[in-house]
Amino acid sequence: MYGIKFLNMVKKAFPCLSSPSSFYSTSPSSSDSPIQALFDLTVSTFTPSTSPTSPQSIQKLSSVLDNIVPADVGLQEESEEDDRGHGFFGFNQLNRVARWAQPLTYIDIHESDSFTMCIFCFPTSSVIPLHDHPGMTVLSKVLYGTMHVKAYDWVEPAFVRRNLGPNHSEVRLAKLSVDKVLTAPCETSVLYPNSGGNVHCFTAVTPCAVIDILAPPYNEVAGRKCSYYRDHPYSTSSFGKSIKQIEGKEDEYAWLETIGTPDDLYMRHGEYKGPDIVVHG
């Protein structure tokens, strides 16, 4: 019996999840549509969820996902000249309310014990803050628009320090894995449980959409709970002088502090209007 549904996880993480959005086009159903082909390959790749997944299988799935375009999932590309945000580089730091005035939209395509397939639509300058995917493999493809991705992997063995400041919180050392801007069309990004940027943050430079495949899906009962983080510079004095020998430059490292779900996240549930997906068996 499946535990906690990913959509329920999203609703729990984003209390402001509201009614479906209205900016999707309707595509005819097709048993041989690109999204059906992607779905079928995803099923064979990750079912059952206890089976090991080879690098070759992930590469094959990535190649199919590379070719998915907005129309394949019933999306219309948003205009880059919208006025729903301030842009990635033009954001006024004093106006945080305006930054979050427009919600992200979450679209559930399919969910099973083995994986979740979903879409996130971002208005300009919206953010999904640093969060993790414990024990999960995640494939992400930007469908349209431009997005900044910043991602870390934990330094192993775990190196934990206690904040010397007033709140005495714990922080854990992580190394920067990805810090780049992605513009569609682009290749699929893949993260693994211990590599590829398992703790990551998305920031919309323009209106954009991302299709995700998460395997296995979030499930608190199974220990796959989404946690949020705040990153601090490695050299910050509030965590004391590090005694760990690091490889590379200091600016490639950061201390990650676990935080609660950010209060200013705003997400709504959108309706999937792409081709129907046939679930076999």
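The model is predicted: local features need pLDDT of at least 70, side-chain atom pairs count only at pLDDT 80 or more, and totals for chains, interfaces and linings use all residues. Residues are numbered from 1 along each chain as its sequence is written, and side-chain values use heavy atoms, with hydrogens and water left out. The protein chain has four helices and 13 strands. Helices (H or I, at least four residues) and strands (E, at least two) are DSSP runs, numbered from the N terminus.

**Confidence**

- Mean pLDDT for the protein chain is 81, and 74% of its residues reach 70 or more. The pLDDT is the predictor's confidence in each residue, from 0 to 100.
- Residues 13–29 stay under 50 in pLDDT; the model gives them 53 contacts beyond four places in sequence. Contact means heavy atoms within 4.5 Å.
- Residues 83–100 also have pLDDT below 50. That stretch has 29 contacts in the model beyond near neighbours in sequence.

**Whole chain**

- Of the 281 residues in the protein chain, 51% count as buried. Buried means under 20% relative accessible area, exposed over 50%, and partly exposed in between (1.4 Å probe, protein chains only).
- Among contacts in the protein chain with a separation of 6 or more, 82% join residues 24 or more positions apart.

- Six strands make an open sheet with mixed pairing, in the order 8-4-10-2-1-13. Two strands pair if DSSP finds at least two bridges between them.
- Strand 8 (189–191) and strand 13 (267–270) are the edge strands, each pairing on one side only.
- From one strand to the next, the twist averages 25 degrees. Axes are lines fitted to C-alpha atoms, for helices over the stretch in contact, and angles run from 0 to 180 degrees between N-to-C directions.
- Strand 2 (residues 116–122) and strand 10 (residues 208–215) are antiparallel, paired over seven bridges. Cys-121 stands opposite Ala-209 in strand 10.
- Helix 2 (residues 34–46) packs on the sheet and touches strand 1 (104–111), strand 2, strand 4 (137–144) and strand 10. Its direction makes about 30 degrees with that of strand 10.
- Helix 3 (residues 55–66) packs on the sheet too, touching strand 4, strand 8 and strand 10. Its direction makes about 15 degrees with that of strand 4.

**Strand 5 and its partners**

- Strand 5 (residues 146–154) is largely enclosed by the rest of the structure, because seven of its nine residues are buried.
- Nine bridges join strand 5 to strand 7 (residues 170–183), in the antiparallel sense. Ala-151 stands opposite Val-178 in strand 7.
- Strand 5 also runs antiparallel to strand 9 (residues 199–204), with six bridges. There, His-148 has Thr-203 as its bridge partner.

**Backbone details**

- The Glu-156 to Pro-157 peptide bond is cis, with omega near -5 degrees. Pro-157 sits in the loop between strand 5 and strand 6 (160–162).
- Ala-215 and Pro-216 are also joined by a cis peptide bond, with omega about -15 degrees. Pro-216 lies in the loop between strand 10 and strand 11 (228–233).
- Ser-125 is not a glycine, yet has a positive phi of about 75 degrees. Ser-125 is in the loop between strand 2 and strand 3 and counts as buried at 1% relative accessibility.

**Pro-129**

- Pro-129 lies in strand 3 (residues 127–131) and counts as buried at 15% relative accessibility.
- Beyond its neighbours within four places in sequence, Pro-129 contacts His-200, Cys-201, Tyr-228, Pro-262 and Leu-265.

**Aromatic pairs**

- The structure holds seven aromatic pairs. Rings of Phe, Tyr and Trp (its six-membered ring) pair if their centres lie within 6.5 Å; planes under 30 degrees apart count as stacked, over 60 as edge-to-face and the rest as tilted.
- Phe-122 and Phe-202 are edge-to-face, with ring centres 6.4 Å apart and planes at 70 degrees. Phe-122 in strand 2 and Phe-202 in strand 9 are 80 residues apart, and both are buried.
- Trp-154 and Tyr-229 are edge-to-face, with centres 5.4 Å apart and planes at 70 degrees. Trp-154 is partly exposed at 21% relative accessible area, whereas Tyr-229 is buried at 9%.
- Phe-159, Tyr-234, Tyr-253 and Trp-255 form one aromatic cluster.
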